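Have a look at it alongside me.

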Amino acid sequence: MGINESFWSASLEEAKQGYVEREHDYLCLLCGEEVEKGIIYPVDGVLFEASRYMRHHIEQEHESVFAHLSGLDKRLTGLSDHQSSLMRLFYAGKSDAEVQAEMGIGSASTIRNHRFALKEKERQAKVFLAMMELLRETDKASTGSSAGRGKPAKQDGKQREAAPSEYAAVVQKYFPNGPGSSLARIPRKHGHRQIVFQEIANRFAPDKVYTEREVNELLEAIYEDHVTLRRYLIDFAFLSRESDGSAYWRTSQAGGDGAGQEAATTDRKQELKQRYKEVKSEAGVYQIRNKANGKVLVASTMNIKTMNGKKFMLQHGSHPNRELQNDWNELGADAFEFEVLEVLEVLENKDDPAFDAKAALEKLEAKWVEKLAPYGDRGYHTRKKAE
């Protein structure tokens, strides 16, 4: 049992409810499941909108937020197995006598002592959190207002520029198959580690904003523990990200051959973030292709990301195209693939008052239907009857 990386950046209220709301979806903080907004999800004859479906997901997959968190490894909870068991019984509303009888330990007064010890732990946690908040504010003040994306929060000492010869030697040592290959191991020495993660950061395009999934895929090809790589890239400030983990981008501290680069401006960072927000709502035409027989369904959407919502509909047997739904039920999800055919150039036309995105999208879809002719043995479409 694990927990999604976004849990650590969530607020206490978000952590308690087990999910966060983002622009286009809801993200489960316990497992990373995403539920698209604007989709109605059928469950046992009941229709749920997205937020309610996310709560249903948590109930079905995790029992409750408390149940999932209490089952985490003691390294994450800070609780012993014994304390976790006690908390689960307390959460279930058991009295001290009932807990004592079920646990078979001491007496009711022993259970009261355990309750007191847990409250002491809560008080200690509040003090620790307050201290960490104050420490974080001190770090921000000491690095200046521009350091929000600057010095790594968890690395000791200032970053230094490595000489080209040192940089090349370290890269050769830890990437034995050459630059661009996989990482043999993470260095223990701070200076070597900095060079290694600068080299990894160089594999990110300087003018692109990445989703968390794209970051993970890139890092998995470098080292099996992609979560640790991502954390170090953030700590060294070679990568920066939105607080909810929805967007990542390479910072000005990354790049080059070890000689460093000049700092990028705040305006440039804002430009990248804005570009990501715009791209997130791309309109376009896509196809659902049956890999077993080649049949396709062509569809359009004002938001390409809602393709995931169509997958949910198919998984729950509610897709309006019954032929497609029947094949999905028979062959399973692995027999199908979703592919974007063409993105509508909405951004390039957004300043044109005569531009009708919806009409343009319908025209684009009609073009692809005509091109692919997805009828009969070729697809899931039905030809319109002549009037």
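**Ground rules.** I worked on a predicted model, where local features need pLDDT of at least 70 and side-chain atom pairs count only at pLDDT 80 or more, while totals for chains, interfaces and linings use all residues. Numbering runs from 1 along each chain as its sequence is written, and side-chain values use heavy atoms, with hydrogens and water left out.

**Overview.** I looked up the secondary structure and found 15 helices and eleven strands (DSSP runs numbered from the N terminus: H or I of at least four residues for helices, E of at least two for strands). Of the 387 residues, 39% are buried (under 20% relative accessible area, 1.4 Å probe, protein chains only).

Next I turned to strand 9 (residues 284-290), which pairs with strand 10 in the antiparallel sense over six bridges; pairing takes at least two DSSP bridges. Arg289 sits opposite Val296 of strand 10. Five residues lie between the two strands of this hairpin, and Gly294 in the turn has a positive phi of about 80 degrees. Why is strand 10 (residues 296-301) largely enclosed by the rest of the structure? Because five of its six residues are buried.

**Asp96.** I then went to helix 6 (residues 96-103), where Asp96 is placed. Asp96 is buried, at 16% relative accessible area. Leaving out residues up to four places away in sequence, I see Asp96 touch Ala108, Ile111, Arg112 and Arg115 (contact: heavy atoms within 4.5 Å).

Notes:
Buried means under 20% relative accessible area, exposed over 50%, partly exposed in between (1.4 Å probe, protein chains only).
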